[in-house]
Amino acid sequence: MKSSCCVPAGTSAQQLDASFSTNASLEFFELDLGDPSLDMKSCGSLSSTHRYHQLVWGPFGMDSQGYPSGVLIAGGENGNVILYDAAKIMAGESDVIIAESDRHTGPVRALDVNHFQTNLVASGGNESEIYIWDMNNFGSPMTPGPKAQPQEDINCVAWNKQVQHILASASPSGRTSVWDLRKNDLIIKVSDHSNRMRCSGLAWNPEVATQLVLASEDDRLPVIQMWDLRFATSPLKILEHHTRGVLAIAWSLADPELLLSCGKDSRILCWNPNTGEVLYEMPTSSQWCFDIQWCPRNPAVLSAAGFDGHIDIYSIMGGSSQAQSQRHADQISNSFGNMDPFGTGQTLPPLQLPQTTTTPTTVNPLKKPPKWICRPVGASFAFGGKLVSMENTKPQQHTSHVVHISQVVTETAFLERSSQLQATLSSGSFVDFCQEKISAAVNEFERIVWSFLK
């Protein structure tokens with residue numbers, strides 16, 4: 001059975017490749033997990049006039065069949081929030097823009113789709129600008145409340161995963177604001193008192209409504225802080241294993257005990273945020289990853305976007321440590337061609353890089369079984385007609401597992417003979433019992449034995 005999905009990618013703002021090209025595009029790539037090759041095939045592209053800070057693919061319109069592949073929301077470098085029809089881009093059509101707005105006065109660095117109402121999108125920009133967009137009425141965005149003071153850039157927004165009207169926003173200074181859209185007001189602020197927290201990521205706990213994590217990209221404080229709003233004076237837990245700043249985080253919706261982070265130390269780590277333990281480290285190359293995402297269809301798969309212009313797909317269930325090399329060298333060679341860039345007119349010889357012998361490294365498996373492969377119920381037969389069954393209907397809660405051991409009878413004829421013998425022992429009618437056995441004997445030896453017992 002073929003298992004595939006699509007991955008969207010757009011030209012990033014404030015980045016250049018080796019060709020110094022200023023062109024921009026929006027592309028979709030097919031991820032076929034049944035294909036043994038490493039390359040993903042393009043399944044749609046669009047030449048764009050915008051470069052993007054953020055892309056979010058939401059399911060809005062899929063139920064009503066208005067947008068069969070959902071809506072791709074893009075945050076541009078000029079204050080643009082653009083809605084694209086993903087199906088039309090993949091079909092190669094030209095009228096792919098559903099709606100567009102330039103309400104923001106600066107770059108749109110943060111986007112998030114509401115988990116409960118998929119028509120609502122939050123965006124964040126410069127000077128504490130936060131807008132709530134209704135894709136059914138895109139021309140009139142709302143604000144969660146008065147602008148937070150002092151006014152700062154917003155680089156993270158995230159809807160709460162348990163309460164649909166709660167929204168959080170974060171600025172690079174480390175100040176985090178939590179908004180209640182029913183009251184249209186700010187309800188609490190979270191701030192790190194070390195003044196070294198440069199916030200690069202924000203994520204809510206998928207199951208505990210009051211808990212969130214903040215990531216710091218400051219090399220002096222390369223940590224992930226876990227906060228609980230019920231005690232918001234200091235972090236509940238601090239995750240410290242990155243040696244340089246953390247660039248992005250992603251919390252698994254399928255298992256709350258899996259939190260991804262990537263940093264400027266070229267590491268992608270998978271944490272258990274409840275214990276602070278690193279459960280798995282991806283076999284990555286030496287490139288920085290600035291964005292990581294969990295696959296919404298396959299909970300074990302994740303994507304990592306790097307500054308080298310590549311998107312890599314990993315699985316936390318294990319894989320190879322052999323990574324592709326010489327990417328930058330190939331890009332620079334393609335940019336300059338075979339001619340000498342200094343104008344001598346001579347053809348350059350092929351680039352010879354020193355061959356380094358690397359021994360394959362062992363990739364340790366994930367230290368805990370993911371929640372999605374844990375069986376909530378199960379049963380197994382044991383010796384002597386024993387049936388062992390277990391139930392754990394609430395695996396997210398650390399409660400005692402219930403195991404039942406019961407006797408199962410499968411030989412009914414044996415049970416009848418056992419009951420007959422028990423009745424004979426109780427009544428003492430041994431002679432009659434032996435006579436019945438003599439009458440039912442199948443051979444002469446069995447008849448002689450029961451006659452002796454009689």
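The questions below go from the whole chain to single residues and then to charged pairs.

Reader: What is the make-up of the protein in helices and strands?
Author: The model is predicted, not determined by experiment. Of its 454 residues, 40% count as buried. The accessible surface comes to about 25,200 Å², and carbon and sulfur atoms hold 53% of that area. As for secondary structure, the protein has five helices and 29 strands.

Reader: Which residues does the "repeat: WD" annotation cover, and how much strand does the span 101–137 hold?
Author: The annotation comes from an unreviewed UniProt entry and covers residues 101–137 and 239–281. In the model, the end C-alpha atoms of residues 101–137 lie 12 Å apart. That span is 0% helix, and its strand content is 43%.

Reader: Which strands are at the edges of the open sheet of three strands?
Author: The order in this sheet is β27-β28-β29, with antiparallel pairing. An edge strand pairs on one side only, and that holds for β27 (377–381) and β29 (402–407). Neighbouring strands of the sheet are turned by 15 degrees against each other on average, direction ignored. The edge strands are β27 and β29.

Reader: What is the bridge partner of V377 in β28?
Author: β28 spans residues 386–391 and pairs with β27 in the antiparallel sense over five bridges. V377 belongs to β27 (377–381). Its bridge partner in β28 is E391.

Reader: Where is the cis peptide bond at P150, and what is its omega?
Author: Most peptide bonds are trans. P150 lies in the loop between β11 (137–142) and β12 (156–159). The bond from Q149 to P150 is cis, with omega near -5 degrees.

Reader: E127 and S266 have a positive phi; is S266 buried or exposed?
Author: Most residues other than glycine have a negative phi. E127, in the loop between β9 and β10 (130–134), has a phi of about 55 degrees and is partly exposed at 43% relative accessible area. S266 lies in the loop between β21 (259–263) and β22 (268–272), with phi near 65 degrees. Because its relative accessible area of 16% is under the 20% cut-off, S266 is buried.

Reader: Which residues does D218 contact, apart from its neighbours within four places in sequence?
Author: D218 lies in the loop between β17 (211–216) and β18 (224–228). Its relative accessibility is 15%, so D218 counts as buried. Beyond its sequence neighbours, D218 is in contact with R196, R198 and G245.

Reader: Which residues are joined with D219 into one salt-bridge network?
Author: D219 forms a salt bridge with R244, with the closest N and O atoms 3.2 Å apart. This pair links the loop between β17 and β18 to the loop between β19 (237–239) and β20 (246–251), 25 residues apart. D219 also forms a salt bridge with K264, again with a closest N to O distance of 3.2 Å, and that pair is 45 residues apart. Shared partners join D219 into one network with R244 and K264.

Methods:
Residues numbered from 1 in each chain as written. Predicted model: local features only at pLDDT ≥ 70, side-chain atom pairs only at ≥ 80, totals over all residues. Heavy atoms only, no water. Helix = DSSP H or I, 4+ residues; strand = E, 2+ residues; numbered from the N terminus. Buried < 20%, exposed > 50% of the residue type's maximum accessible area, 1.4 Å probe, protein only. Contact = heavy atoms within 4.5 Å. Areas by Shrake-Rupley, 256 points an atom, 1.4 Å probe, with all protein chains shown as cover. UniProt positions renumbered as here; feature names shortened; annotations may be inferred. Pairing = 2+ DSSP bridges. Axes fitted to C-alpha atoms, helices over the stretch in contact; angles between N-to-C directions. Salt bridge = Lys/Arg side-chain N within 4 Å of Asp/Glu carboxyl O.
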